[in-house]
Amino acid sequence: MTIRGIDVSSYQPERYSTAGLDFVVVKITEGTTYTNPKWVAQRQTGRDAGLVTGFYHFVRPGSMIAQADYFLSKINLVGGDFLVLDWEDPGVSSTDKDTWIKHVQAKAPNHRVLLYCNRDYWLNRDSSSFAGDGLWIAQYNGRPGTPAIQAPWLIHQYTSDPIDTNVADFPSRAAMRAWATGTSAKEDDVQLSDKVTVRQWVTDAFPGQKGLQDGEISVETALGSGYGYAHIAADNSTRILAQLGAQAATIDKLVDALGTGGGMTAAEIKAAAEAGAQAALDRLGHALTDKTAPDTAKEGN
C-alpha cells in the first residue's frame with residue numbers, strides 16, 4: 001500500500017494543488033549559487049495542507065561539503081523535514097554523492113537523508129549501493145510502485161506528466177510522518193490540517209454544501225462539525241426529554257382525575273394505558289362511558 005506525493009521546483013507555482021496528496025518535496029538549491037526563489041512559499045503550501053515535507057538539493061560537480069553546507073544554510077529545519085540529494089549530473093561520481101549524503105546526515109542527525117536518482121544511475125553509475133536513509137528511484141514506467149530494480153526503494157517517481165508524481169512505500173501519511181520524525185506510527189497520529197476523504201453519500205446528501213465538492217475536508221473542520229452536531233443532538237435530547245417529562249406529568253394528572261369518577265382506580269387506568277393492550281383500552285373506554293356497570297367491563301376482559 002502506498003501514498004501519493006509530488007516534487008516541485010521554480011517551474012511550478014507557489015500555490016500548487018494539494019488535492020489527493022500526502023507529501024511534497026521542494027527544491028531549495030543547486031550547486032553553491034542557485035536558490036529556488038519560490039521554495040519558501042511552496043513549503044508553506046504543503047504545510048498548510050498538512051503534507052509531509054521534504055527538501056532537495058540538485059548536486060553539481062565541485063565540493064560536496066560546500067554544496068551540502070550551502071543547502072543546509074538556507075533552511076531552518078523542523079521535526080519531520082526530510083532531505084534529499086538529487087543526483088542527475090554525470091559529472092558527479094558515486095563517491096561524491098556518498099560524501100554529500102554522509103555530511104548532511106552528520107550535520108542534521110535528526111532528519112532522514114535520501115538519494116534521488118533514475119534507474120540508469122542506480123544500476124550503472126552507483127558503485128556503493130549507498131542511499132542514506134532511503135532510495136527515491138525515478139523510472140517513468142507507468143506502473144506506480146513497481147520500479148524495475150532489485151534494491152529496496154522508499155519513493156518511486158513514475159511520471160512527470162503533468163508534474164513529477166510519486167508514490168511512497170508507506171501505508172498512510174501518518175506512517176510516513178512517523179518515519180520522518182523517528183517515532184512509531186499511531187492510528188490517531190494526524191494533524192488538524194490533514195485532509196480526510198469525504199464519502200460519496202455525504203456529497204450526494206448535501207450537493208449544495210461548499211467545501212465538499214473536492215471530496216476532502218480537513219480534520220479540524222470534521223472535528224468542529226462533529227463537536228457542533230454533538231451539542232445540537234444533546235440540546236435536542238434534553239428538550240425532548242423535558243417535553244416527555246411534562247407530558248408524563250400531564251398524563252398522571254388526567255389519570256388521577258379520571259380515576260376518581262370513572263369506576264377504576266388511577267393505578268388501573270395508568271397500567272392499562274402503559275400496557276397498550278387493546279383489551280385494556282376497551283376496558284378503560286367502558287369504564288369511562290358506563291359508570292353504572294364497571295363489573296361488566298371487567299367480565300368482558
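User: Is Trp-87 buried or exposed?
Analyst: This is a predicted model in which local features need pLDDT of at least 70, side-chain atom pairs count only at pLDDT 80 or more, and totals for chains, interfaces and linings use all residues. Residues are numbered from 1 along each chain as its sequence is written, and side-chain values use heavy atoms, with hydrogens and water left out. Buried means under 20% relative accessible area, exposed over 50% and partly exposed in between, with a 1.4 Å probe and protein chains only. Because its relative accessibility is 1%, Trp-87 counts as buried.

User: Which geometry does the aromatic pair of Trp-87 and Tyr-121 have?
Analyst: Rings of Phe, Tyr and Trp (its six-membered ring) pair if their centres lie within 6.5 Å; planes under 30 degrees apart count as stacked, over 60 as edge-to-face and the rest as tilted. For Trp-87 and Tyr-121 the centres are 5.2 Å apart and the planes stand at 90°, which makes the pair edge-to-face.

User: What is the relative accessible area of Tyr-121?
Analyst: Tyr-121 is the partner of Trp-87 in an aromatic pair. Tyr-121 is buried, its relative accessible area being 7%.

User: Which charged residue sits over the ring of Tyr-121?
Analyst: A charge sits over a ring if NZ of Lys or CZ of Arg is within 6 Å of the ring centre and within 35 degrees of the ring normal. For Tyr-121, the charged end lies 4.6 Å from the ring centre and belongs to Arg-125.
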